[in-house]
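Please look over the structure shown here before reading the notes. They go from the whole chain to single residues.

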Amino acid sequence: MTTASISPTESRVCPKCQYDSGNPDAEACPECGTSMVPHCIICGYDLKGLARDGVCPECGTPVEQSYLPDLLQNRSPEYLGQLRSGLSFVLNGILAYVCVVVLGIFSAFVSVTGAELFLAFAGTACSIAILVGWWRLTTPDPGMPPDANAGLGARQIIRIAVCVQLAASVFGLIPQFSTGQTLAPGMTAIVVLSLALGLASLIAWVAQFFAAMLYVRWLARRVPDQKLHDKAKRFMWLGPLLQTVGLLLFGLGPLIALVMYWNMLDVMRKHIKRILAET
Ligand SMILES: [Zn+2]
Ligand SMILES: [Zn+2]
């Protein structure tokens, strides 16, 4: 693995702009000025001014450990555990959602009382599991200076998008309780609001898609896995293409996109499981 773009094992890569300074002792990024002095990888304590051969005054972790390259293998098991559980929520949530959709297609042919309401709730439960998964997957890395964490735009965008979608999916359930014939005046407002939230949710979903691919690339660099990095890069245009023009492929485009998306996240989960098993 010696590809210039993603294997910064020797030098330090700026956590904010990803600039590779080529200097393991750089104190600030020559490109954007972000502090390159790490925070403790276990507790997040700012290690500025502390001797490299000392220990973190907060938790006793050797300082040198936080100066290792920002590869995932050099990060705390707690942080990696959050990433792994996040990926499991997302991956299993997607599988469960596919089951709900299949059941929904069946229920269109056989009428079962309450099936519609049940499926609406099951679908929402799956969406919530996926969103909770993305929230966990974007846990801040304690070893990154906070400004770099905030500056990692993709992480922030995903978290904001998750909140918008959570609000919309919970709110979207409310019209399910209306009886349908005559909507009470208050109910009309709720329907209008939930439609607006639905639109916001759609926009959030699109933003999250692109941010998620950037985030997967950022994680792939830290495995490092050049193949996954390149796949995520390609999927930024291939995914939307499959979702739209791909519909002409007997409507199979979005399904292919979903399988590819699932596989990419599964590869990342396998990496994290392996790293956790090795540490
Ligand atoms: Zn930088
Ligand atoms: Zn510490």
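This is a predicted model: local features need pLDDT of at least 70, side-chain atom pairs count only at pLDDT 80 or more; totals for chains, interfaces and linings use all residues.

The protein chain has eight helices and zero strands. Of its 279 residues, 30% are buried.

**Overall build**

- Followed along the sequence, the protein chain reads α-α-α-α-α-α-α-α.
- The C-alpha trace of the protein chain spans about 70 × 40 × 35 Å along its principal axes.
- Taking contacts between residues at least 6 apart in sequence, 58% of them join residues at least 24 apart.

**Nonpolar cores**

- In soluble globular proteins, nonpolar side chains tend to be buried together.
- In this model the largest nonpolar core has 33 residues. The residues with the most contacts inside this core are Leu87, Val90, Trp134, Ile158, Val216, Met268 and Ile272.
- Two or more residues of this core come from each of helix 2 (77–107), helix 3 (115–137), helix 5 (153–171), helix 6 (185–221), helix 7 (226–244) and helix 8 (253–278).
- Helix 6 gives the most to this core, namely eight residues.
- Leaving aside residues up to four places away in sequence, Val90 touches Ile130, Gly133, Trp134, Leu137 and Leu265.
- There is also a second, separate core of five residues, and Cys40, Ile42, Leu47 and Cys56 are among them.

**Helix 2 with helix 8**

- Helix 2 and helix 8 pack with their axes 9 Å apart, at an angle of about 150 degrees. Helix 2 is therefore roughly antiparallel to helix 8, because angles over 145 degrees count as roughly antiparallel.
- The crossing of helix 2 past helix 8 is left-handed.
- On the side of helix 2, the contact is made by Pro77, Leu80, Leu83, Arg84, Leu87, Ser88, Val90, Leu91 and Ile94. On the side of helix 8, the contact is made by Trp262, Leu265, Asp266, Met268, Arg269, Ile272, Lys273, Ile275 and Leu276.
- By type, the residues in the contact of helix 2 with helix 8 are 13 nonpolar, one polar and four charged.

**Helix 7 with helix 8**

- Helix 7 packs with helix 8 at an angle of about 160 degrees, and their axes are 9 Å apart. This angle makes helix 7 roughly antiparallel to helix 8.
- Helix 7 and helix 8 form a left-handed crossing.
- Helix 7 makes the contact through Leu228, Lys231, Ala232, Phe235, Gly239, Leu242 and Gln243. Helix 8 makes the contact through Gly253, Pro254, Ile256, Ala257, Met260, Tyr261, Met264, Val267 and Met268.
- The residues in the contact of helix 7 with helix 8 divide into 12 nonpolar, three polar and one charged.

**Two single residues**

- Ile203 is part of helix 6. Ile203 has 12 other C-beta atoms within 10 Å and is therefore exposed, since a residue with 12 or fewer counts as exposed.
- Ile203 and Ala161 are 42 residues apart in sequence, and their C-alpha atoms are 8.5 Å apart in space.
- Ala125 belongs to helix 3. Ala125 counts as partly exposed because it has 15 C-beta neighbours inside 10 Å.
- Ala125 and Gly93 are 32 residues apart in sequence, with a C-alpha to C-alpha distance of 8.5 Å.

Key. Residues are numbered from 1 along each chain as its sequence is written. Chains are lettered from A and ligands numbered from 1 in the order in which they are written. A nonpolar core is a set of buried Ala, Val, Leu, Ile, Met, Phe, Trp, Tyr and Cys residues joined through C-beta atoms within 7 Å. A residue is buried if 20 or more other C-beta atoms lie within 10 Å of its own, exposed if 12 or fewer, and partly exposed in between; C-beta atoms are placed from the backbone. Helices (H or I, at least four residues) and strands (E, at least two) are DSSP runs, numbered from the N terminus. Two residues are in contact if their C-beta atoms, placed from the backbone, lie within 7 Å. Axes are lines fitted to C-alpha atoms, for helices over the stretch in contact, and angles run from 0 to 180 degrees between N-to-C directions. Angles under 35 degrees count as roughly parallel, over 145 as roughly antiparallel, 65 to 115 as roughly perpendicular and the rest as oblique. A crossing is left-handed if the near helix is turned anticlockwise from the far one by less than a right angle, and right-handed if clockwise. Ala, Val, Leu, Ile, Met, Phe, Trp, Tyr, Cys and Pro count as nonpolar, Asp, Glu, Lys and Arg as charged, and the others, Gly among them, as polar.
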